[in-house]
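Open the model in your viewer and keep the selection panel at hand. The stops below go from one residue out to the whole chain.

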Amino acid sequence: MRRWQILSLAVLLAFSGHASKLNAQQGPASDAVVIDATAPRHPLPHFWEEMFGSGRAILSLRDSYRTDLRSVKQITDFGYVRFHGIFNDEVGIYSEDSQGHPVYNFSYIDQIYDGLLANGVRPFVEISFMPYKLAASNLIHAFWYKPNVSPPKDWNRWDDLIAAFTRHLVDRYGIDEVAQWYFEVWNEPNLDFWAGQPKQDTYWELYDHTALAIKKINERLRVGGPATAQAAWVDAFIRHCAEKHIPLDYASTHVYANDSAQDVFGSQENIPRDRMVCRAVEKVHQQIKTSSMPNLPLIWSEFNASYKNEPEVTDAVYMGPWLADMIRQCDGLVDIMSYWSFSDVFEEQGVVKTPFYGGYGLVAEDGIPKPAFNAFKLLHKLGEERIQLDADFALLTRRKDGTLVLAVWNYAAPDQAGSARTVTLTLKGTKASHALISRVDSDHGDVHSAYEKMGAPPYPSQKQIQELRHDAELPAPEEQRLKNGELRLTLPAHGLAVVELR
């Protein structure tokens with residue numbers, strides 16, 4: 001995750017509407033959409049819900065973490081989780097005896113990975129950060145838990161640690177299991193998570209040592225990087241690996257919707273929050289396609305609508321339309337995207353002080369699902385094929401059983417009130433006669449507003465927690481009959497609806 005002290009950027013915002021491209025809605029709007037079930041289609045892997053980030057490794061031993069993991073697993077069936085700090089001293093993997101010889105301890109490593117696997121989730125192993133006794137210097141990152149971001153004092157000892165760690169995983173879980181994991185070298189080395197100088201050259205050295213040590217244990221193991229912030233270095237990284245014959249099984253990088261165009265593209269553009277992520281994904285996608293490894297998978301191992309703590313963004317119903325439109329735009333450009341993060345069991349800035357502070361998670365403290373949780377729950381209903389649709393505020397899909405599933409939304413920037421939008425859907429090429437409509441908006445699953453109406457207590461009572469959990473629940477889908485093959489929906493600003501046509 002991005003360092004929390006970063007100064008606020010100017011928020012680049014614009015309204016994303018239909019084909020008219022208006023910058024703002026001045027009153028009620030109406031749109032007509034033709035749903036043609038016979039239109040061209042293509043596969044739609046659920047790339048947005050395959051993996052999630054989380055708080056650092058040691059937190060996975062907490063009951064609250066595992067409870068939230070099970071909750072998100074239930075609504076998305078996600079397959080991988082990524083976190084920082086598997087080599088942090090609190091995990092205890094590396095120390096040295098009185099003679100300075102390395103000592104390895106895999107006790108907490110085993111408990112961490114056993115816990116994930118027991119809940120049907122595999123590790124996406126981010127190799128970080130530096131054990132204190134292996135570090136060349138005490139170069140401490142500003143995160144509350146004080147990770148050491150120094151290079152190793154001895155590359156041979158680093159190689160031995162990577163080999164021992166990897167061998168232990170293969171011995172414990174078997175190569176057929178661990179070959180399905182991913183190994184990623186470090187986190188955001190272009191920022192202050194890596195203290196090597198110069199940053200890029202020393203990261204190349206770190207990657208080379210790590211990747212070669214992993215592959216030496218077994219060639220089937222998958223390793224990648226550069227895990228950079230702001231969609232950086234990927235083209236140069238691929239060139240380096242190709243020229244030096246260093247193993248590379250996938251490319252990974254990050255971007256957040258409020259990153260600046262200067263940082264991501266080196267330009268002075270005003271890229272709105274609802275366009276930044278997929279613009280960055282497209283940039284890296286094209287870099288891979290024009291590289292010497294054009295078929296290299298792309299894993300976007302961190303993304304979100306904000307890298308800051310903005311309750312009006314990550315805690316709000318805004319996330320429904322933002323996430324749905326991100327899926328629409330990024331389809332076909334990326335293999336896996338990892339939302340940061342699935343839970344607010346999270347301590348980069350210290351101990352959580354209030355349930356709703358703009359945390360990155362889908363689930364707030366005390367197991368309270370946020371609107372983003374409900375958005376993921378609804379978007380999980382989408383089918384495995386995407387059908388062509390002439391609208392940039394909707395996404396039409398088909399499930400394996402033939403059910404048509406439509407996501408439709410009314411996007412407005414977080415600081416805009418927006419206005420309601422009425423959408424008339426006309427169906428062609430289908431015998432569907434009724435619709436099941438599920439919603440996330442200010443009247444459906446908006447626990448953040450309920451919390452504010454409660455007076456925003458920093459430490460809710462048990463009774464208040466139960467009330468908030470109840471307010472977070474979505475009602476059963478509403479059922480409507482189609483009239484003459486048409487369906488009319490009215491969406492409030494920041495509203496998302498998922499419609500199952502049967």
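Predicted model: local features only at pLDDT ≥ 70, side-chain atom pairs only at ≥ 80, totals over all residues.

Which residues does proline 123 touch, not counting residues up to four places away in sequence? You will find Tyr80, Val81, Tyr113, Leu116, Leu117, Trp181 and Tyr182 in contact with proline 123.

Is proline 123 buried or exposed? Proline 123 counts as buried because its relative accessibility is 1%, and the cut-off for buried is under 20%.

Now select residues 122–127. This is strand S7, and proline 123 sits in it.

Widen the view to the barrel. Its 8 strands run S3-S4-S7-S8-S9-S10-S11-S12, closed and with parallel pairing. From one strand to the next, the twist averages 25°.

Strand S10 covers residues 250–256, and strand S11 covers residues 298–304. They pair in the parallel sense over 6 bridges. Select valine 255: its bridge partner in S11 is phenylalanine 303.

From proline 123 to isoleucine 288, the C-alpha atoms are 25 Å apart. In sequence, these two residues are 165 residues apart.

Last, colour by pLDDT. The protein chain averages 93, and 94% of the residues score at least 70. Then select residues 2–27, where the pLDDT is below 50. Beyond near neighbours in sequence, this stretch has 70 contacts in the model.

Key
Residues numbered from 1 in each chain as written. Heavy atoms only, no water. Helix = DSSP H or I, 4+ residues; strand = E, 2+ residues; numbered from the N terminus. Buried < 20%, exposed > 50% of the residue type's maximum accessible area, 1.4 Å probe, protein only. Contact = heavy atoms within 4.5 Å. pLDDT = per-residue confidence, 0-100. Pairing = 2+ DSSP bridges. Axes fitted to C-alpha atoms, helices over the stretch in contact; angles between N-to-C directions.
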